[in-house]
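User: I would like to go through this model with you, one packing feature at a time. Please give the criteria behind each term as you use it.

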Amino acid sequence: MHNQQAGKSTWRRIKHDLERRILAHEFKLHDKFYSVNELARKYNVSHITSRRVISELSSEGFVESIPRKGSFVRSRLGNKDIYLLSELAENFKAGFNQLSSEIYRGMITECTQRNANLKLISSKYLKLWPKDKEMLLIQWHSPLKEDILNEIQGRKKCFFVNCHPPKPISGQVTVTGDITKGMEIAVEHCISRGHKRIALLTSSLKNEWMVPRFDGYYNGLRKDNISLDFSLIKEIDQENYVDVAEAVSELMNLPEPPSALLTSNSTKAMLVIEYCREQKIRIPEKLAVVGFDNFPESLISSPQLTVVDLQYNLIGSEAISMLLKMAEGENTEDVYIQPKLIIREST
């Protein structure tokens with residue numbers, strides 16, 4: 001019994017010593033860590049004990065063990081509480097839509113892998129945070145109000161990343177999906193299938209989230225020397241069947257109707273498919289349809305929907321990764337997650 005207790009205390013003592021040294025930055029980030037043999041020799045313990053130590057350090061996120069390559073220093077942070085600043089935090093259940101859920105899923109996955117904790121807070125809570133206390137902060141979706149930005153910039157120990165704003169923010173590290181590129185590759189795909197009359201169904205272009213979509217639409221047409229025809233652009237205020245049906249009807253009754261239709265999200269695209277089915281407009285023979293966002297509904301539509309996938313889960317995971325890099329003192333810069341086109345039956 002005594003030997004068993006001594007064995008337990010030995011690996012804990014070694015683990016705590018190595019934790020102390022890691023937190024004191026005696027090791028460089030990403031450097032090779034001790035092997036099982038090296039650790040056994042250094043602390044004069046068995047291989048079983050040294051394996052246990054490395055396993056425990058790995059489970060707590062300090063090191064990462066890669067088969068046939070060894071272990072590497074992954075983190076030197078003692079505090080990995082990450083605060084997600086969003087007005088969605090005021091009403092979590094009501095505020096989370098499918099897009100938000102995908103980004104949040106990516107954040108949770110990365111936090112789990114990095115042994116970090118993710119907590120939702122509102123701007124009201126931020127103002128109560130002690131100014132001399134370190135804070136890892138992510139701003140979600142919308143640009144910060146000036147008073148909140150001043151609050152953050154006035155803190156010496158606040159590490160801060162913008163996650164998926166509608167456009168990059170000068171002087172602030174941003175992780176986002178390239179919305180403009182996403183719509184651009186959708187246009188290029190339609191052109192590659194022989195379409196020249198390509199329509200766009202969008203929410204109001206006064207909406208800051210729609211501007212990069214329009215820019216991508218315009219860029220894609222311009223690359224192939226196709227003139228912008230404003231009669232092919234339909235803005236709708238409400239995302240419902242009646243408004244979508246009216247917009248598609250107007251497009252299809254033009255003297256030169258479109259042969260392809262891009263939508264600003266997949267919800268609109270699904271409503272377009274529903275309308276076309278009722279009106280016996282064959283997809284893709286009469287009208288090719290491309291949605292924006294790769295949500296599960298696009299797979300169960302008939303025909304299955306071609307979509308631009310902004311990879312929201314990767315946006316979320318990269319935001320966490322970037323924030324932890326900043327806290328470690330590594331150089332950081334804006335990250336644009338590249339969209340991908342998933343081609344299905346609707347084109």
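User: At what angle do helix α8 and α9 pack?

Analyst: This is a predicted model, in which local features need pLDDT of at least 70 and side-chain atom pairs count only at pLDDT 80 or more, while totals for chains, interfaces and linings use all residues. Residues are numbered from 1 along each chain as its sequence is written, and side-chain values use heavy atoms, with hydrogens and water left out. Helices here are DSSP runs of H or I with at least four residues, and strands are runs of E with at least two, numbered from the N terminus. With axes fitted to C-alpha atoms over the stretch in contact and angles running from 0 to 180 degrees between N-to-C directions, α8 (residues 179-192) and α9 have axes 7 Å apart and pack at about 40°.

User: Which side chain of opposite charge is nearest to R213?

Analyst: R213 is found in helix α9, residues 211-223, and is buried (under 20% relative accessible area, 1.4 Å probe, protein chains only). Lys and Arg count as positive, Asp and Glu as negative, with His and the chain ends not counted. A salt bridge needs a side-chain nitrogen of Lys or Arg within 4 Å of a carboxyl oxygen of Asp or Glu, and R213 has none; the nearest side chain of opposite charge, 4.5 Å away, is D293.

User: Which residue in β9 stands opposite L200?

Analyst: Strands pair if DSSP finds at least two bridges between them, and three bridges join β8 (residues 198-202) to β9, which run parallel. Standing opposite L200 in β9 is I233.

Key. Buried < 20%, exposed > 50% of the residue type's maximum accessible area, 1.4 Å probe, protein only.
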